[in-house]
Amino acid sequence: MEKSVMVVGIDDSDHSFYALEWTLDHFFLASPENSPFKLVVVHAKPPPLSTVGLMGPGAADVLPYVDMDLKKIAARVMEKAREICAAKSMSDAIYEVVEGDARNVLCEAVEKHQASMLVVGSHGYGAIKRAVLGSVSDYCAHHAHCSVMIVKRPKIKH
């Protein structure tokens, strides 16, 4: 019997790494090989042009450097994801870095892998920040063709 696919979207935030750990603890920890899910970890690398934006003359000169930095960040994110999975005895996860907007990348990963669940972390933005930046989790909850679990990191009490 083929396992259902669970896609976990990660970025370079503590919120997404918490969501990955939470997912491993709740769906894979008892026995990763006997879990009903196959794990696919996806990181969306922003295109360099979206990061540079409209900087004016000379912007094209910095694109290769921005792209190199974005690739380094993606490599760090995936390395940390691999370390988290290895620490939880998850050895057969699939890791993908896809260039594009995180909202589209995650919804496309769901389609590509025919996932039955998408897990994303919540940054906990307020209404104004969410309206300006856009919420990946909100977009995915409305557009992904599978169940979407939004994992919220507990607030630290002072």
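**Aromatic ring pairs in the predicted model**

Phe27 is partly exposed, its relative accessible area being 25%. In this predicted model, the ring of Phe27 pairs with that of Phe37. The two ring centres lie 5.7 Å apart. Their planes stand at 90°, so the pair is edge-to-face, the class for angles over 60 degrees. Phe27 belongs to helix α1 (residues 14-28), and Phe37 to strand β2 (residues 37-45). The contact therefore ties together parts that are 10 residues apart in sequence. Phe37 is buried, with a relative accessible area of 15%. That value falls under the 20% cut-off, which is why Phe37 counts as buried.

In total, two aromatic pairs were counted. The rings of Trp22 and Phe27 also pair, with centres 6.3 Å apart. Here the planes meet at 65°, so this pair is edge-to-face as well. The centre distance is within the 6.5 Å limit for a pair. Trp22 is partly exposed, at 24% relative accessible area.

Notes. Residues are numbered from 1 along each chain as its sequence is written. This is a predicted model: local features need pLDDT of at least 70, side-chain atom pairs count only at pLDDT 80 or more; totals for chains, interfaces and linings use all residues. Side-chain values use heavy atoms; hydrogens and water are left out. Rings of Phe, Tyr and Trp (its six-membered ring) pair if their centres lie within 6.5 Å; planes under 30 degrees apart count as stacked, over 60 as edge-to-face and the rest as tilted. Buried means under 20% relative accessible area, exposed over 50%, partly exposed in between (1.4 Å probe, protein chains only). Helices (H or I, at least four residues) and strands (E, at least two) are DSSP runs, numbered from the N terminus.
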